[in-house]
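Subject: Handover of a structure

Dear colleague,

Please find the structure below, together with a short account of what was found in it.

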Amino acid sequence: MIKYTRFFLTLLFAVSSLAAFSQATTSSPYSRFGLGDFSSQAAPQNIGIGGIGVATNRISLFNNINVINPASYAAIGITTIDVGVYSNFVTFNQTGQSAQTDKNFRLSHVAFGIPVSKHSALSFGLLPYSERGYNYKKSVNNFGTSSPADTSVTNYNYSGNGGLSKAYIGYGFTVAKHLLLGGNVSYIFGNLKDVSTVESPGLTGFLNTKTEQSNAIGGLNYDYGAQYSVDFSESKHLIFGYSASVGSKLGSTSSYIVSHYTNDASGNPNIAVDSVINKQGAKGKLTLPAINRFGVSFQNDGKFLVGADYSMGKWSDLSISGVNQGLQNSRTFNVGAQYTPNINTIRNYLATVDYRIGGIYDETYMVVNNTRIKRYAVTAGLGLPLRPAQDGLSFYKINIAAEVGVRGTLANGLVKENYVNLHLGFVINDRWFRKYKFD
């Protein structure tokens, strides 16, 4: 127990330090829209099976923290700790432009699950909710005219950074033998900032324009869920699940600044010469969308699991300070499966490994240049058990997952992203608060 606990604490300290110093954790131009890139909040063990989680709780007899459906907390039988990291590798393609690559790294989650009674448990933790990070430029020749004598160029620069995090506490409990219910109370907080500039470097004395808009966001959000199990035998279960996030209102403090500036001889911006608009500290509300999720899974405990999820988000309701963000309602389909050859063998380690595979189809909330932005991905993962503690009451597992996908299209001048997301998680199952007997 001691050596794995030390490993866990070292990993937690390392990834927390890296996360604290990281800035943009995404580099997608699509993170400009809405609240940025929305996080599914799935743990690596769920991502490996296509991100399903509405109708899963224990996976391969192992206690897991599944924030997608808080009803699953009721199946947590011993203290569970889950911490993970995430890395992203992406290539951006656009017609007429050279391909660009980028990579990012961050802490993905820290979560705890603690049994309260034999059939209920408490969970709390910190997760990403959304991410913003983009930087791109559009150049227009001839200063908007068609005259051959006009050789000027106007550059439109767009950048943004920030993101929202979700600190949650939840409780799941068993109502009847086959019915689990649960809920989360979350505090969503963070900052989103967007900057755009208009520059004409070829015109002497031209005043460039800079627009800065930021929002500091914070407020409560609520999730609830249910799972119903149909037991065909002691080890075979068909589970139906439903979970939802309430379309709540968060507080927003915004600033909006428009200024003029010049560039020096090297092309670097000088200090702003004026502020045409300077509005700071404006209070408002951000209306989150309601999200509904449905799922079904079939599991033969310790052997295999198959399942599917369908979720829909009413992102057309998203508004910031009373301004609707012009998004579309989203739809996501997830399918996945897991197979464990022989969970009880002590002679063949590979037979005790969880092998995972899945797929994702996502109609995102973005419509750009009259084109719906879609995402397609396949996932794969491994659940690698570590040697349990000598007392046989503490168990450990490393979960690895990869998501390989495409988002966007080359049509209508848009950007197509080819990406690989890698997830690594470390899970401890341990019996805390044990009463020891002494002779």
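**Cavities**

The structure holds 3 cavities of 30 Å³ or more. A cavity is a set of points on a 1 Å grid over the protein atoms alone where a 1.4 Å probe fits but cannot get out, and its lining residues have an atom within 4 Å of a point. Grid points are joined across faces, edges and corners, and a volume is the space filled by probe spheres set on the points. The second largest cavity has about 60 Å³ of space. Its lining consists of F38, Q41, Y129, K166, N221, D223, S245, V246, L288, P289, I291 and R293. Two or more of these residues come from each of the elements β7 (208-231) and β11 (291-300). By class, the lining has 6 nonpolar, 3 polar and 3 charged residues; Ala, Val, Leu, Ile, Met, Phe, Trp, Tyr, Cys and Pro count as nonpolar, Asp, Glu, Lys and Arg as charged, and the others, Gly among them, as polar.

**Basis of the model**

This is a predicted model, in which local features need pLDDT of at least 70 and side-chain atom pairs count only at pLDDT 80 or more, while totals for chains, interfaces and linings use all residues. Residues are numbered from 1 along each chain as its sequence is written, and side-chain values use heavy atoms, with hydrogens and water left out.

**The chain**

There are 2 helices and 19 strands in the chain, taken as DSSP runs (H or I, at least four residues, for helices; E, at least two, for strands) and numbered from the N terminus. Of the 439 residues, 47% are buried, that is, under 20% relative accessible area with a 1.4 Å probe, protein chains only.

**Two residues**

Q338 belongs to strand β15 (residues 330-339) and is buried, its relative accessible area being 5%. Leaving aside neighbours within four places in sequence, Q338 is in contact (heavy atoms within 4.5 Å) with residues including I49, F304 and Y355.

T197 lies in strand β6 (residues 179-199). T197 is also buried, with a relative accessible area of 11%. Not counting residues up to four places away in sequence, T197 touches N155, Y156, N157, T209, K210 and Y261.

Yours sincerely

Terms used
Buried means under 20% relative accessible area, exposed over 50%, partly exposed in between (1.4 Å probe, protein chains only). On a 1 Å grid over the protein atoms alone, a cavity is a set of points where a 1.4 Å probe fits but cannot get out, and a pocket is an open set with protein on both sides within 12 Å along at least five of seven lines; lining residues have an atom within 4 Å of a point.
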